[in-house]
Amino acid sequence: MSATITASRPGRTQARRPWAADGVVAAAAGVAGVLGSPTVSFATPTQTAYTLLVIGGCAALLLRRRAPRLCLGLLVLLLAVHLPLVQMGPYAGVVCLIGACTTQTRLDAGWRWGFLALFYAVATGGIVTALSAADGAVQPVPLVAAYALLTVAALIGATRRNAAERYRLAVERADILETRHEIERRLAALEERSRIAREMHDILGHSLNAVAVLSEGARHAVRSDPERADAALADIGRLSRSAVDEVRDLIDVLRTEDDHADRAPAPSLADLPELVSGFRSTGTVIRTRVDGDPGSLPGHLGRTAYRIVQEAITNAVKHAPGAAITIRVTIGDADVDLLVTNARPAAPRRAGDGQGHGLIGIRERVRAAGGTVEAGPDPATGGWRLHARLLRRRPC
């Protein structure tokens with residue numbers, strides 16, 4: 001993605017073809033050399049030397065971006081050789097101005113001012129030599145004019161360098177923002193996938209475990225207690241349809257991009273009696289006590305509390321079949337306290353129980369709600385104890 005964005009930004013075409021821009025600069029210097037004096041030819045030794053100097057200067061300018069220090073060093077050397085042979089003319093002036101500008105655009109601070117001083121020195125030597133050869137007197141006006149032109153060229157170079165630096169920083173900031181946006185998008189997607197996985201685990205894990213327990217009870221009661229077996233089978237059908245409906249609602253939400261799409265009401269603590277009644281057919285004794293008004297809880301908090309209790313009951317029925325379960329919910333002004341315990345199971349708890357995805361999902365939900373959770377063996381009863389505390393307002 002980054003390469004595509006970089007390629008589409010304006011101003012990069014020139015940076016990718018530095019020879020084209022340097023060729024234009026070298027051609028401008030060559031035109032100044034042709035228009036200057038003496039004539040570009042190989043007729044006389046002076047013309048030959050001048051022609052070679054012009055060609056050498058144009059060749060050096062082709063390295064202006066690739067090797068700026070080598071380019072500027074060659075220009076200073078060629079200009080120094082130029083002065084004793086030919087008086088200061090258009091070619092030397094143009095090359096000095098290009099060199100002064102290049103010192104500011106292409107060199108680091110450590111080299112920038114030294115090379116600029118060399119071009120000032122070359123320009124001074126050329127003007128002094130030309131004026132001395134003309135009338136023997138050195139006038140300050142030409143020197144001041146030459147210094148002014150070199151200064152303007154250097155300022156133009158510095159302005160271009162600053163503009164390029166600002167553009168580079170702007171591009172870097174844009175790339176950083178795009179990268180951060182992409183990371184945030186991926187994190188949001190991962191978080192949503194994790195939430196969906198937890199919801200799927202809660203829906204299918206609870207329903208399938210309950211169906212398994214009810215099926216075992218119905219199989220044993222089908223001959224001795226047909227009414228109990230019939231009730232268990234009815235509960236199996238109800239739980240299966242409910243699970244299918246919940247999964248269908250969840251998939252429908254994933255398929256639509258409309259935030260206002262119709263969706264089934266999410267379960268909350270107000271649905272706790274219906275949740276508990278689904279396990280009555282298993283023969284498990286479940287005692288519940290709710291202190292406070294479940295309807296006063298925010299939707300997300302009520303849903304989190306419901307899922308925690310649901311997972312705790314499912315784990316208890318699965319790992320401690322037949323053991324009595326006690327649920328105590330205390331809804332306060334600042335928090336919601338959940339305590340789910342079960343008695344000692346008839347069979348020993350298997351090694352590794354309580355360390356599966358169910359307990360991990362509970363911890364993730366509690367952490368997301370800014371609460372705390374404790375789960376482990378209950379020394380008082382020999383069974384299992386889960387205690388969760390959810391804050392109604394997360395701390396800042």
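A residue counts as buried when its relative accessible area is under 20%, as exposed when that area is over 50%, and as partly exposed in between, with a 1.4 Å probe and protein chains only. At 17% relative accessibility, Glu182 therefore counts as buried.

The model is predicted: local features need pLDDT of at least 70, and side-chain atom pairs count only at pLDDT 80 or more, whereas totals for chains, interfaces and linings use all residues. Residues are numbered from 1 along each chain as its sequence is written, and side-chain values use heavy atoms, with hydrogens and water left out.

The pLDDT, which is the predictor's confidence in each residue on a scale from 0 to 100, averages 78 over the protein, and 80% of the residues score at least 70. Residues 257-262 have a pLDDT below 50, and beyond near neighbours in sequence this stretch has one contact in the model, a contact being heavy atoms within 4.5 Å. The pLDDT is also below 50 over residues 350-355, a stretch with five contacts beyond near neighbours in sequence.

The secondary structure comprises twelve helices and five strands; both are DSSP runs numbered from the N terminus, helices being H or I with at least four residues and strands being E with at least two. Of the 396 residues in the protein, 37% are buried. Among contacts with a separation of 6 or more, 68% are between residues 24 or more positions apart. The accessible surface amounts to about 22,300 Å², and carbon and sulfur atoms account for 60% of that surface. Accessible areas come from the Shrake-Rupley method with a 1.4 Å probe, and for residues only the protein chains shown count as cover.

One feature of this surface is a nonpolar patch formed by Leu70, Leu74, Leu77, Val81 and Leu85, with about 430 Å² of accessible area together. Patches consist of residues with over 30% relative accessible area and no salt bridge; like charges are joined within 9 Å, and nonpolar side chains (Val, Leu, Ile, Met, Phe, Trp, Tyr) within 5 Å. Leu70 belongs to helix α5, residues 68-85. Its relative accessible area is 46%, so Leu70 is partly exposed.

Aromatic contacts come next. Rings of Phe, Tyr and Trp (its six-membered ring) pair if their centres lie within 6.5 Å; planes under 30 degrees apart count as stacked, over 60 as edge-to-face and the rest as tilted. By this rule there are three aromatic pairs. One of them joins Trp111 and Phe115, which are tilted at 35° between the planes and lie 6.3 Å apart, centre to centre. Both residues lie in helix α7 (residues 109-135), four residues apart, about one turn of the helix. Trp111 counts as partly exposed because its relative accessibility is 44%, whereas Phe115 is buried at 11%. Tyr120 and Tyr147 form another tilted pair, with 5.8 Å from centre to centre and 55° between the planes. Tyr120 lies in helix α7 and Tyr147 in helix α8 (residues 140-224), so this pair ties together parts that are 27 residues apart in sequence. Tyr147 is partly exposed, with a relative accessible area of 30%.

Helix α8 also holds Glu182 and Arg185, three residues apart, about one turn of the helix. Arg185 is partly exposed, with a relative accessible area of 46%, and Arg186 is exposed, at 52%.

By this rule the protein has seven salt bridges. Among them is that between Arg289 and Asp291, with the closest N and O atoms 3.3 Å apart. Arg289 is exposed, with a relative accessible area of 52%, while Asp291 is partly exposed at 28%. Salt bridges that share partners also join Glu165, Arg168 and Glu172 into one network.

Finally, Asn315 is placed in helix α11, residues 299-319. At 22% relative accessibility, Asn315 counts as partly exposed. Asn315 and Leu359 are 44 residues apart along the chain, and their C-alpha atoms are separated by 8.9 Å.

Notes
Salt bridge = Lys/Arg side-chain N within 4 Å of Asp/Glu carboxyl O.
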